Amino acid sequence: MDPENQDRIVGLVDQYGADDLVVVLGAADLESLEVAAETVTMGDPAYVGPLAGVQLGLPVVHILEEDIKGQVDAGVYDEQVGLLEMTLDVEQVREAARTFPGREG
Amino acid sequence: MKLDGKKVIALGERDGVPGPAIAECVRSAGAEVVFVETECFV
C-alpha cells in the first residue's frame with residue numbers, strides 16, 4: 001500500500017480511534033487484497049510505510065461480500081457495483097475475504 | 001460487520017471497485033466515509 005495512504009490511515013486512527021473505523025476494500029486482485037488487509041491489521045508487509053511494524057487491527061471487509069451488500073441500498077449497489085459484480089470474480093474475492101486477518105472461523 | 005454508524009476508510013482499486021463507488025454504497029448503509037482512495041496496483 002502507498003506510504004502516503006498509510007500515513008492518512010494513521011492520522012484517521014489518531015483522530016477517531018480504532019473502535020469506530022472500518023476499512024472497506026474494493027480490490028479484485030488477490031495479492032492486492034492480501035497486502036491491503038494485512039497492512040491495516042498487522043502492519044505493512046513490505047516494511048516501507050508508516051505502518052511498518054504497526055498493528056492497527058482495524059476491521060476489514062470487502063464491498064463484494066454478501067454481508068456488506070445486504071446492508072447497502074439495493075439501487076445504490078446496483079448503480080455503483082452492479083456492472084463490476086458481473087465482470088469480477090466475486091466468489092474468489094469472497095473466499096479471500098474469509099481469510100482476512102481478524103476473521104474468526 | 002455492521003456498517004451503520006461506523007467511520008469507513010474506502011480503499012478501492014482501479015481494476016476492481018473504485019473508492020468513490022464503495023463510498024456511495026457504505027453511505028447508503030448508514031456509515032460515515034472519512035477517507036476515499038482508489039489505489040492502482042501494477
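**Notes on a two-chain model**

1. Let's start with a helix pair. From helix 4 of chain A, the residues A:Val76, A:Tyr77, A:Gln80 and A:Val81 meet B:Ala21, B:Glu24, B:Cys25 and B:Ser28 of helix 1 of chain B. Sorted by class, this helix-to-helix contact has 5 nonpolar, 2 polar and 1 charged residues. Keep in mind that you are looking at a predicted model.

2. How do those two helices cross? The axes of helix 4 of chain A and helix 1 of chain B cross at roughly 170° and come within 9 Å. Angles over 145 degrees count as roughly antiparallel, so helix 4 of chain A is roughly antiparallel to helix 1 of chain B.

3. Now zoom out to the whole contact between the chains. Chain A puts in 34 residues and chain B puts in 27 residues. On the side of chain A that touches chain B, the elements giving two or more residues are helix 1 (3–16), strand 1, helix 2 (30–39), helix 3 (66–69) and helix 4 (74–87) of chain A. That side of chain A has 23 nonpolar, 5 polar and 6 charged residues.

4. In what order do the 4 strands sit? Reading across, the order is 2(A)-1(A)-1(B)-2(B), in an open sheet with parallel pairing. The edges are strand 2 (60–62) of chain A and strand 2 (32–39) of chain B, each of which pairs on one side only. On average, neighbouring strands here are turned by 20° against each other, ignoring direction. As background, strands of a sheet pair through backbone hydrogen bonds, either parallel or antiparallel.

5. Where do the chains meet inside this sheet? Strand 1 of chain A and strand 1 of chain B run parallel and are joined by 5 bridges. If you want a spot to look for, A:Val23 stands opposite B:Ile9 in strand 1 of chain B.

6. Within chain B, strand 1 (residues 7–13) pairs with strand 2 in the parallel sense, over 7 bridges.

7. Finally, confidence. Chain B averages a pLDDT of 95, and 95% of its residues score at least 70. Within chain B, helix 1 has the highest confidence, at 98, and strand 2 the lowest, at a mean of 96. For the complex, the predictor gives an ipTM of 0.97 and a pTM of 0.96.

Conventions. Residues are numbered from 1 along each chain as its sequence is written. Chains are lettered from A and ligands numbered from 1 in the order in which they are written. This is a predicted model: local features need pLDDT of at least 70, side-chain atom pairs count only at pLDDT 80 or more; totals for chains, interfaces and linings use all residues. Two strands pair if DSSP finds at least two bridges between them. Axes are lines fitted to C-alpha atoms, for helices over the stretch in contact, and angles run from 0 to 180 degrees between N-to-C directions. pLDDT is the predictor's confidence in each residue, from 0 to 100. Two residues are in contact if their C-beta atoms, placed from the backbone, lie within 7 Å. Ala, Val, Leu, Ile, Met, Phe, Trp, Tyr, Cys and Pro count as nonpolar, Asp, Glu, Lys and Arg as charged, and the others, Gly among them, as polar. Angles under 35 degrees count as roughly parallel, over 145 as roughly antiparallel, 65 to 115 as roughly perpendicular and the rest as oblique.
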